[in-house]
Amino acid sequence: MSDTDKKLTVCVAGGAGFIGSHICKRLKDEGHTVVSADWKKCQYFEDSEYCDKFYLVDLRVLENQKIVLRVATGFSTWLLTWVAWVSFSLTIL
Ligand SMILES: NC(=O)c1ccc[n+]([C@@H]2O[C@H](COP(=O)([O-])OP(=O)(O)OC[C@H]3O[C@@H](n4cnc5c(N)ncnc54)[C@H](O)[C@@H]3O)[C@@H](O)[C@H]2O)c1
């Protein structure tokens, strides 16, 4: 199995947003396990269309970050996409 065939578990912060949800959907369509965390529901897709698990949480709260990451790391590997992270970071600034 090459590195490109390897399936990941990906956690996307701000995953219900425009960029985040489309990244989630692309990764899910490629067979990766996708955890989306956002403080609002996605308006572009049903949960089952773009992620495997959705958390409706405020990610400014450390305890919420821990809960989401604990689940994601429980699967295997996690990755916070910098695009979505920067997006929601800019939103709260
Ligand atoms: N059809 C279109 O062309 C279209 C549609 C939507 C957006 N846009 C544009 O694309 C740009 C990029 O979109 P984007 O994806 O960066 O922005 P976004 O606002 O869609 O995504 C950011 C996500 O972060 C989430 N978020 C912010 N703070 C959070 C917190 N504390 N806890 C949890 N989640 C939190 C928001 O709820 C949101 O879902 C936007 O600025 C917008 O102008 C275009």
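Predicted model: local features only at pLDDT ≥ 70, side-chain atom pairs only at ≥ 80, totals over all residues.
Across which strands does α1 lie, and at about what angle does it run to β2? The legends below take this up, view by view.

View 1. Local features need pLDDT of at least 70, side-chain atom pairs count only at pLDDT 80 or more, and totals for chains, interfaces and linings use all residues. Residues are numbered from 1 along each chain as its sequence is written. Here pLDDT is the predictor's confidence in each residue, from 0 to 100. The protein chain averages 84, and 74% of the residues score at least 70. Four helices and three strands are found in the protein chain, in the sequence pattern β-α-β-α-β-α-α. Helices (H or I, at least four residues) and strands (E, at least two) are DSSP runs, numbered from the N terminus.

**View 2. Three strands form an open sheet in the order β1-β2-β3, with parallel pairing.** Two strands pair if DSSP finds at least two bridges between them. Five bridges join β1 to β2, and four join β2 to β3. A37 of β2 is a handy landmark: A13 stands opposite A37, and Y55 is the bridge partner of A37 in β3. β1 and β3 stand at the edges with a single partner strand each, so one side of each has no neighbour in the sheet. From one strand to the next, the twist averages 15°.

**View 3. Helix α1 lies across β1 and β2.** The helix runs at about 165° to β2; axes are lines fitted to C-alpha atoms, for helices over the stretch in contact (C-beta atoms, placed from the backbone, within 7 Å), and angles run from 0 to 180 degrees between N-to-C directions. Together, β1, α1 and β2 make a right-handed β-α-β unit. Right-handed means that, with the strands pointing away from the viewer, the path from the first strand over the helix to the second runs clockwise.

**View 4. All five residues of β1 are buried.** A residue is buried if 20 or more other C-beta atoms, placed from the backbone, lie within 10 Å of its own. T9, C11 and A13 point one way from β1, and V10 and V12 point the other way. In β2, five of the six residues are buried, so this strand is largely enclosed by the rest of the structure.

**View 5. The largest nonpolar core has 18 residues.** Such a core is a set of buried Ala, Val, Leu, Ile, Met, Phe, Trp, Tyr and Cys residues joined through C-beta atoms within 7 Å. Among those with the most contacts inside it are C11, V12, C24, V35 and C51. β1 (9–13), α1 (18–29), β2 (33–38) and β3 (53–56) each supply at least two residues of this core, and β1 gives the largest share, four residues.

Key. Buried ≥ 20, exposed ≤ 12 C-beta atoms within 10 Å, placed from the backbone. Contact = placed C-beta atoms within 7 Å.
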